[in-house]
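Work through the following exercises with the sequence and the model open. Each task is followed by its solution.

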Amino acid sequence: KGYIGALAAEGVVGGVSDDAFDPDSNITREQIAVILDRAFDLAAAAEKGTFADDAQISSWAYDGVYDVLTAGYMKGDTAGNFNPLANATRAEVATIIYRLHSAK
C-alpha cells in the first residue's frame with residue numbers, strides 16, 4: 001500500500017477509479033509502457049506508427065508505447081506487433097527489468 005500510494009502521488013501509476021487501485025488485476029503491455037514512461041520521464045519518441053497493430057494501442061498509451069520502444073525497454077514481437085492489450089508474461093517483465101538494469 002505504501003509503495004502504490006507513493007507512486008500514485010507522483011503520478012506514475014493510477015487506479016481503476018479515483019479511489020481504487022485493484023492490485024490483483026492483470027497488467028497489459030501498454031499499461032507497463034505508460035508506467036515506465038512516467039517513472040523514468042522518457043524522451044518523446046521521434047518516430048511512431050511502426051507496429052503492425054498500431055491501431056490497437058489505446059490513445060492514452062500511444063506516446064508511452066513509442067517512448068519505451070525508443071528507450072529500448074520494450075519491443076514488439078517477431079511479426080511486428082506490440083500486442084498492447086495482452087497481459088504481460090513473467091518472462092516479458094523479467095526482460096524489461098533486465099533492460100532497465102543494463103541501461104544504467
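**Exercise 1.** Find which residues of helix 3 are buried, and what they pack against.

Solution. Buried means under 20% relative accessible area, exposed over 50%, and partly exposed in between (1.4 Å probe, protein chains only). Helices are DSSP runs of H or I with at least four residues, numbered from the N terminus. In helix 3, Gly-64, Val-65, Tyr-66, Asp-67 and Val-68 are buried. Their packing partner is helix 2, where contact means heavy atoms within 4.5 Å. Just after helix 3 comes Gly-72, with a positive phi of about 85°.

The model is predicted: local features need pLDDT of at least 70, side-chain atom pairs count only at pLDDT 80 or more, and totals for chains, interfaces and linings use all residues. Residues are numbered from 1 along each chain as its sequence is written, and side-chain values use heavy atoms, with hydrogens and water left out.

**Exercise 2.** Describe the largest nonpolar core and the surroundings of Met-74.

Solution. A nonpolar core is a set of buried Ala, Val, Leu, Ile, Met, Phe, Trp, Tyr and Cys residues joined through side-chain atoms within 4.5 Å. The largest has 17 residues, and Leu-36, Val-65, Val-68 and Met-74 have the most contacts inside it. Helix 2 (29–40), helix 3 (62–71) and helix 4 (90–102) each give two or more residues to this core. Helix 2 gives the most, with four. Leaving out residues up to four places away in sequence, Met-74 touches residues including Ile-32, Leu-36, Phe-82 and Arg-99.

**Exercise 3.** Is Asp-18 buried or exposed?

Solution. Asp-18 lies in the loop between helix 1 (2–9) and helix 2. Its relative accessible area is 86%, so Asp-18 is exposed.
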